[in-house]
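Let me put the model up on the screen, and then I'll walk you through the parts I looked at.

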Amino acid sequence: MSNYQSLNRLEIAYLVAQHFEDGAVVNLGIGMPTQVSNYLPKDKEILLHSENGILGMGRNAEGDEVDWDLINASRTPITLVPGASICEHTTAFAMMRGGHLDYSVLGGFQVAANGDLANWMTIEPNAIAAIGGAMDLAIGAKSVIVTMDHVAKDGSPKLLEQCTYPLTGIGVVKHVYTDLAIVAVKAGEFIVRALLDGLSFDELQSKTGAPLRRAENMSVIKRGADGQLSF
Amino acid sequence: MLNKIKASLEDAIAPIQDGASIIVSGFGEAGVPYELMNAIIDKDLKELVIIANNAGTFDRGIAAMIRQGRVRKVICSHPRPPNSEAFAEAYKAGKIELECMPQGTLAERLRAAGAGLGPFFTPTGYGTLIAEGKEQRVIDGKGYILEQPLSGDFALIKADKGDRWGNLTYRFAQRQFGPVMSMAGKHTIVQVREIVELGTLDPQYIMTPGIFVDAVVQTGASK
């Protein structure tokens with residue numbers, strides 16, 4: 001039996017933040033993806049987009065900076081970076097649908113090996129539909145990254161051959177960051193790019209609802225003594 | 001003389017009748033015309049159709065109208081942000097209808113109506129549940145669904161400054177749906193923090209030209 005400690009949400013956010021290249025324009029979805037902004041590398045200029053018409057979002061506002069006319073998609077007061085711009089809604093969504101956004105980071109209920117994403121509605125009776133910006137973000141960004149737990153609360157896999165929940169977008173997901181692994185989605189396959197230290201590949205496979213393939217240069221996600229992650 | 005300024009909230013919303021479809025601006029707490037909605041609540045209007053990004057939060061604005069049974073249907077993109085129990089309870093009790101669509105599609109449907117366009121093809125939602133019952137087409141290898149223009153009998157907008165011609169500016173992320181919803185309303189009613197003299201707003205930075213606005217009422221800084 002292997003011995004590992006799943007990544008917590010902040011650790012997943014840290015790993016996603018290392019994904020972007022200098023100059024990338026990124027939208028961070030509501031929920032877990034919002035945390036990514038706290039870990040963006042200081043030596044890169046990464047421009048954050050918010051669906052409510054903000055390009056160049058800064059850190060969360062504190063104290064006197066709080067202005068309720070200046071919030072992000074999660075309704076949290078924020079600051080702007082120098083060079084930021086404000087636009088109206090159709091322009092904010094043209095940035096997505098028009099393919100101008102480099103990355104979109106979204107939460108997920110399920111991801112399929114063909115890149116399908118389900119994250120807007122469960123199939124429980126009385127479930128209320130809630131789409132928000134998710135469908136536009138899913139089809140618009142050049143690269144879609146999903147952050148989610150590797151398995152659902154009941155232990156069932158969330159990485160599947162086919163999604164069972166209603167789809168948000170078809171064939172859109174390129175990368176999945178879970179609490180156990182970093183998985184690329186390519187040509188109908190899940191390819192494990194990095195695996196959590198102490199977890200065996202077979203064990204990860206047993207928690208996944210579709211075949212996994214090892215990347216040629218698959219790495220191990222390690223925690224240093226200070227808690228710092230490396231992979 | 002062209003003067004769209006109304007003396008009171010009551011005057012501003014006077015044309016709204018039972019059964020009206022009403023577009024309401026706002027995203028989060030920014031740009032929400034609470035004072036105009038309070039005036040609607042005071043007027044005891046019923047059977048309203050609300051078109052907005054959300055379906056109201058806490059017990060204010062749209063949520064307050066839902067609690068009081070004034071709303072027949074909500075057309076929106078995200079009816080369950082945190083603190084949206086008013087809608088959830090009414091929906092689960094079968095007291096309210098929901099039409100839910102992607103946020104970019106909502107914005108673009110409003111724009112199409114305001115800009116005099118017909119239906120348009122969008123890739124958003126292709127292959128998903130929301131494509132059901134709509135024309136789907138693959139153009140140059142990319143899938144699209146046909147979406148219809150969406151207008152409202154009225155639009156309620158919150159802006160920062162306005163003049164008697166209806167020219168508007170917005171503060172920061174208060175802008176979002178304001179410009180496109182102003183266009184999509186057949187009768188657009190705006191609450192502003194401050195009414196300024198004609199000619200005060202810099203023509204280069206007016207965000208909604210007054211042609212899209214029918215009524216302006218000053219509320220001062222609101223919370």
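**A walk around chain B**

The cut-offs here are 20 or more other C-beta atoms within 10 Å of a residue's own for buried, 12 or fewer for exposed, and partly exposed in between, with C-beta atoms placed from the backbone.

Before I go on, some housekeeping. This is a predicted model, so local features need pLDDT of at least 70 and side-chain atom pairs count only at pLDDT 80 or more, while totals for chains, interfaces and linings use all residues. Residues are numbered from 1 along each chain as its sequence is written, and chains are lettered from A and ligands numbered from 1 in the order in which they are written.

Back to B:D140. This residue sits in the loop between β6 (136-139) and β7 (142-147) of chain B, and its phi is near 50°, a positive value in a residue other than glycine. When I say helix or strand, I mean DSSP runs numbered from the N terminus: H or I over at least four residues for helices, E over at least two for strands.

For pairing, DSSP has to find at least two bridges between two strands. One example is B:V138, whose bridge partner in β7(B) is B:G143. They belong to an open sheet of three strands, in the order β5-β7-β6, with antiparallel pairing. The edges are β5 (120-122) and β6 of chain B, each pairing on one side only. On average, neighbouring strands in this sheet are turned by 40° against each other, ignoring direction.

So what packs on this sheet? That's α5(B), which touches β5 and β7 of chain B and makes about 165° with the direction of β5(B). Contact here is C-beta atoms, placed from the backbone, within 7 Å. Angles run from 0 to 180 degrees between N-to-C directions, and axes are lines fitted to C-alpha atoms, for helices over the stretch in contact.

**Where the chains meet**

Keep an eye on α5(B). The contact between the chains takes 37 residues from chain B and 31 residues from chain A. On chain B's side, α4 (85-92), β4 (97-100), α5 (103-115) and α6 (178-184) each give two or more residues, and α5(B) gives the most, with five. By class, that side has 18 nonpolar, twelve polar and seven charged residues. Nonpolar is Ala, Val, Leu, Ile, Met, Phe, Trp, Tyr, Cys and Pro; charged is Asp, Glu, Lys and Arg; the others, Gly among them, are polar.

From chain A, helix α2 (residues 89-97) comes within 9 Å of α5(B), axis to axis, and the two cross at roughly 125°. That makes α2(A) and α5(B) oblique to each other; under 35 degrees would be roughly parallel, over 145 roughly antiparallel, 65 to 115 roughly perpendicular, and the rest is oblique. Residues meeting here include A:F93 and A:M96 in α2(A), and B:A107 and B:R111 in α5(B).

**Into the inside**

Now for β8 (154-162) of chain B. Eight of its nine residues are buried, so β8(B) is largely enclosed by the rest of the structure. Strand β1 (residues 21-24) of chain B pairs with β8(B) in the parallel sense over three bridges, with B:V24 opposite B:L156. β10(B) also pairs with β8(B) in the parallel sense, over seven bridges, and there B:K158 stands opposite B:Q191. Then there's a hairpin with β9(B), with five residues between the strands, and B:G166 in the turn has a positive phi of about 95°.

β8(B) is also among the elements covering the buried residues of α2(B), along with α1 (9-13), α3 (61-67) and β10 (188-195) of chain B. Those buried residues in α2 (34-43) are B:Y34, B:L36, B:M37, B:A39 and B:I40.

Last stop: B:G178, in helix α6 of chain B. Is this glycine buried or exposed? Buried, because 31 C-beta neighbours lie inside 10 Å. The C-alpha atoms of B:G178 and B:S25 are separated by 5.7 Å, though the residues are 153 apart along the chain. B:G178 touches A:E88 too, as well as B:I157 and B:A159, among others.

Terms used. Two residues are in contact if their C-beta atoms, placed from the backbone, lie within 7 Å. Lists of a residue's contacts leave out its neighbours within four places in sequence.
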